[in-house]
Amino acid sequence: MTTVTEVRTARRAVRQDPEQRRRALYHLASPVSVLTVDHEGAAHGTTASTVTLVSRKPLLVGVVLRADSSFARLAAAEGRFAINVLSAEQADVARHFADSGRPDGPEQFAGLAWTSDSYAHAPLIAGALAHYTCRFHSAHPAGDSELLLGHVVRATADEVPPLFSYAGALFAGSLRPAKEASAS
């Protein structure tokens with residue numbers, strides 16, 4: 001039986017232009033979300049473009065953040081957080097929470113319609129496609145990123161088009177079923 005370590009040392013280096021590889025990876029479409037937490041009475045939010053279902057039992061979602069992001073630390077300290085999956089009309093909200101120059105604390109939510117989640121006390125942004133209220137599960141370093149895992153304790157969704165991140169830009173999505181192959 002071969003171990004993971006043995007397989008890794010047996011691999012040969014793959015030669016490819018790093019910029020070409022990076023450009024190709026920008027073609028992974030993903031929904032855009034704003035993560036929120038209320039830590040010691042101060043609300044905080046950040047934009048994330050990688051949120052995915054990790055496990056159905058238990059129901060876990062994973063979020064990829066920058067390694068130096070304070071959000072995972074705040075979520076761990078509070079023990080809970082919320083994920084606001086943005087609708088197609090909320091590109092400005094995504095850009096606002098991605099801007100490192102935005103105000104700290106509750107001021108970053110000024111002018112934005114939201115309610116406080118009864119469990120996490122984190123802001124739930126009005127007009128979002130979906131809200132996931134999470135209990136902090138764990139955080140793991142992953143290269144130049146950090147993987148935050150949350151156990152979903154409550155989830156709601158609306159029937160509005162999603163906002164996607166694709167090829168380094170934001171896109172308002174309208175979903176339509178793919179064509180099925182015709183039987184011959």
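Visitor: Where does the cut-off for a buried residue lie, in relative accessible area?

Guide: A residue with a relative accessible area over 50% is called exposed, and partly exposed covers the range in between. A residue is called buried when its relative accessible area is under 20%.

Visitor: Is V61 buried or exposed in this structure?

Guide: The model is a predicted one, and V61 has its place in strand β5. The relative accessibility of V61 is 6%. Buried means under 20%, so V61 counts as buried.

Visitor: Which residues does V61 touch, not counting residues up to four places away in sequence?

Guide: A contact requires heavy atoms within 4.5 Å. C134 belongs to the list, although V61 and C134 are 73 residues apart in sequence. Their C-alpha atoms are 8.5 Å apart in space. The complete list for V61 is T52, L53, V54, I83, C134, L148, L149, G150 and V152.

Visitor: What percentage of the contacts between residues at least 6 apart in sequence join residues at least 24 apart?

Guide: The pair V61 and C134 is 73 residues apart in sequence, and C134 is among the residues that V61 touches. For the protein, counting contacts between residues at least 6 apart in sequence, the share that joins residues at least 24 apart is 63%.

Visitor: How many helices and strands does the protein have?

Guide: Strand β5 has already been named as the place of V61. The protein as a whole has 4 helices and 12 strands.

Visitor: What percentage of the residues in the protein is buried?

Guide: V61, at 6% relative accessibility, is one example of a buried residue. The protein has 184 residues, and the buried share of them is 36%.

Visitor: Is S165 buried or exposed?

Guide: S165 is found in strand β11. Leaving out residues up to four places away in sequence, S165 touches L28, A29, S30, V32, S49 and L170. Its relative accessibility is 17%. The cut-off for a buried residue is under 20%, so S165 counts as buried.

Visitor: What is the relative accessibility of H137?

Guide: H137 has its place in strand β9, residues 130-142. Not counting residues up to four places away in sequence, H137 touches L60, L149, G150 and H151. H137 counts as partly exposed, and its relative accessibility is 42%.

Visitor: Which residues are in contact with P161, leaving aside its neighbours within four places in sequence?

Guide: P161 is found in the loop between β10 (145-157) and β11, and it is partly exposed, with a relative accessible area of 41%. The C-alpha atoms of P161 and L129 are 7.3 Å apart, and the two residues are 32 apart in sequence. The residues in contact with P161 are S87, A88, G173 and S174.

Visitor: Which residue is joined to P58 by a cis peptide bond?

Guide: P58 lies in the loop between β4 (51-55) and β5. The cis peptide bond has an omega of about -5°. The residue joined to P58 by this bond is K57.

Visitor: What is the phi value of E40?

Guide: E40 lies in the loop between β2 (33-39) and β3. Its relative accessible area is 71%, and exposed means over 50%, so E40 is exposed. E40 is a residue other than glycine with a positive phi, and the value is near 55°.

Visitor: Where does H121 lie?

Guide: H121 also has a positive phi in a residue other than glycine, near 60°. At 41% relative accessibility, H121 counts as partly exposed. The position of H121 is the loop between β7 (114-116) and β8 (123-125).

Visitor: Which residues lie nearest the centre of the largest pocket?

Guide: The largest pocket holds about 1,000 Å³ of space. The elements that give two or more residues to its lining are β3 (42-48), β5 (60-66), α4 (91-98), β11 (163-166) and β12 (169-172). The lining has 30 residues, and those nearest the centre are T47, A48, S49, V64 and R66.

Methods. Residues are numbered from 1 along each chain as its sequence is written. This is a predicted model: local features need pLDDT of at least 70, side-chain atom pairs count only at pLDDT 80 or more; totals for chains, interfaces and linings use all residues. Side-chain values use heavy atoms; hydrogens and water are left out. Buried means under 20% relative accessible area, exposed over 50%, partly exposed in between (1.4 Å probe, protein chains only). On a 1 Å grid over the protein atoms alone, a cavity is a set of points where a 1.4 Å probe fits but cannot get out, and a pocket is an open set with protein on both sides within 12 Å along at least five of seven lines; lining residues have an atom within 4 Å of a point. Grid points are joined across faces, edges and corners, and a volume is the space filled by probe spheres set on the points.
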